[in-house]
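Good morning, and thank you for making time for this presentation. Please have the sequence and the structure before you as I speak.

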Amino acid sequence: GVILRVHVADIRVMGRYTQGVRIINLTKRNDAIASVCCVEADPEEEVMQIAPDAEELPELDTTEETVDEEPVEDEETTEESVIFSKSLKYSQLLFMIDMKRIALMALALGVAVCAGAQANVVKDAQRAAKEGKSLNDVVSIIKPALSNPETAGSSDTWMIPGKAAYDQYDKLVANKQLHMFKNAQDTINQDMLLIPAYEYYMKALAVDTVIDKKGKPKTKNSKKIVDTFVGHLNDYYMAGAELYNFQKYDDAYTAFGIFIDLTQMPQLKKDLASNPMAQDSIVSGTAFNQGIAAWQVERYDDALKSFMNAIKLGYDKKQVFDYAMSVASAAGKNDTLFMIAQQAMPLYGKEDTQYIRQITNYYLNKKDYDNAFKAINAAIEQDPNNSQYYVVKGIISEYSGDLANASKSYEQAY
């Protein structure tokens with residue numbers, strides 16, 4: 001006969017729940033089970049040591065061995081017996097390895113399912129856009145894909161809401177030309193589409209790099225994006241003006257800003273070379289208008305940035321310096337105020353003494369009388385008949401403690 005002893009702990013749990021574990025093949029020799037009993041483990045029995053690297057452990061072999069039928073005594077087995085002696089720890093470790101594998105498989109399956117779901121979201125949004133659904137509907141559908149790393153890294157994903165916005169804007173332009181707009185809100189709704197359209201296309205442009213079969217990077221949607229920007233440049237200017245007139249100052253500020261940014265994009269320079277709206281005089285004037293829009297809603301920091309950008313772009317009308325100085329003064333930015341006054345002085349110093357006053361006041365606050373005198377003397381040299389310059393010089397002399405020269409300067413003024 002054959003005695004087969006197996007640790008209960010060695011019978012794998014997962015096997016038991018599924019198709020079972022084979023201990024011995026009874027049909028091979030038409031064997032039959034004589035009896036089954038529980039036997040306590042021998043304390044002196046040799047226990048297999050657990051391998052240090054769990055991933056390299058061999059699978060437990062639970063197939064039978066065929067042996068000659070020899071009698072055995074009590075709990076001792078003969079050389080022909082098949083004895084499976086495994087430790088409890090070894091069995092538990094195998095179980096943990098199986099669970100780990102199952103968890104990894106489940107994770108991989110979950111990732112695949114998630115990626116597939118996001119791909120379906122993109123397709124659904126694309127279908128909605130083609131059907132002419134509103135931008136809000138398209139964005140609502142595609143929103144999960146915009147935050148998922150797999151789909152958010154593709155320019156195609158961002159192109160869908162961007163194109164939907166531009167398509168709807170173009171459709172409304174046609175409606176406006178056919179006098180189908182009923183009120184100002186229709187125009188506002190039309191203009192507002194341009195802002196998210198630009199933002200989505202810029203996101204698409206930022207990730208529009210794919211690797212071809214040769215391993216070289218190339219773009220997929222960049223040309224389409226650039227062409228769309230070029231074709232809608234003037235629309236952003238008009239949108240800013242219309243939104244400003246409707247007192248939508250924050251949105252006007254944004255639309256003007258997009259117009260300016262587009263004219264400064266290197267990718268658009270060549271295509272915009274022949275566009276009169278892209279000329280420096282128009283762009284710098286738009287920067288000034290952007291500053292006024294921010295000033296209207298007391299966004300003074302933004303207003304100052306816009307005014308300074310207008311000056312940088314070549315806008316040199318007196319009003320930009322006056323507004324910039326006013327905003328800088330209100331914000332307590334004395335260094336900026338001083339710099340603006342210095343820029344305005346050569347252009348408008350003769351007709352308006354506020355610039356030399358700001359310059360000299362800056363030095364007086366620092367008790368830098370030498371530079372204050374240099375500034376006013378340079379102004380007098382340029383326009384010796386300007387009586388107000390002598391008043392300023394008298395004030396400087398008075399502050400410096402030179403009362404005699406202060407009195408002399410006041411006499412020259414009057």
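Helices, as I use the word, are DSSP runs of at least four residues, numbered from the N terminus. With that numbering, His179 is placed in the loop between helix 5 and helix 6, the latter covering residues 184–192. I shall return to this residue after an overview.

The model before you is predicted. Its protein chain contains 19 helices and 4 strands. Of the 414 residues in the chain, 36% are buried. The accessible surface amounts to about 25,300 Å², and carbon and sulfur atoms account for 52% of that surface. If we take contacts between residues at least 6 apart in sequence, 60% of them join residues at least 24 apart.

Next, the confidence of the prediction. The mean pLDDT of the chain is 83, with 78% of the residues at 70 or more. Which elements mark the lowest and the highest mean pLDDT? The lowest, 44, belongs to strand 2, residues 82–84, and the highest, 98, to helix 10, residues 249–264. Across residues 46–88 pLDDT stays under 50, although the model has 74 contacts beyond four places in sequence for this stretch. Where pLDDT is low, predicted coordinates should not be read in detail.

I turn now to the second largest pocket, whose volume is about 300 Å³. Two elements each give two or more residues to its lining: helix 2, residues 88–130, and helix 5, residues 155–177. Helix 5 provides the largest share, with 6 residues. The lining has 14 residues in total, and those nearest the centre of the pocket are Gln126, Lys130, Met159, Ile160 and Lys163. By class, the lining divides into 7 charged, 5 nonpolar and 2 polar residues.

Let us come back to His179. Its phi is near 60 degrees, a positive value in a residue other than glycine. His179 has a relative accessible area of 72%, and is therefore exposed. Glu298 likewise has a positive phi, of about 60 degrees, and is not a glycine. Glu298 sits in the loop between helix 12, residues 280–296, and helix 13, residues 300–312. Its relative accessibility is 56%, so Glu298 counts as exposed.

Finally, consider Glu242 in helix 9, residues 233–245. Is Glu242 buried or exposed? Glu242 counts as buried because its relative accessibility is 17%, and buried means under 20%. Leaving aside residues up to four places away in sequence, Glu242 touches Lys176, Thr187 and Asp191.

Technical notes: Residues numbered from 1 in each chain as written. Predicted model: local features only at pLDDT ≥ 70, side-chain atom pairs only at ≥ 80, totals over all residues. Heavy atoms only, no water. pLDDT = per-residue confidence, 0-100. Contact = heavy atoms within 4.5 Å. 1 Å grid on protein atoms, 1.4 Å probe; cavity = no way out; pocket = protein on both sides within 12 Å on 5 of 7 lines; lining within 4 Å. Points joined across faces, edges and corners; volume = space filled by probe spheres on them. Nonpolar A, V, L, I, M, F, W, Y, C, P; charged D, E, K, R; others polar. Buried < 20%, exposed > 50% of the residue type's maximum accessible area, 1.4 Å probe, protein only. Areas by Shrake-Rupley, 256 points an atom, 1.4 Å probe, with all protein chains shown as cover.
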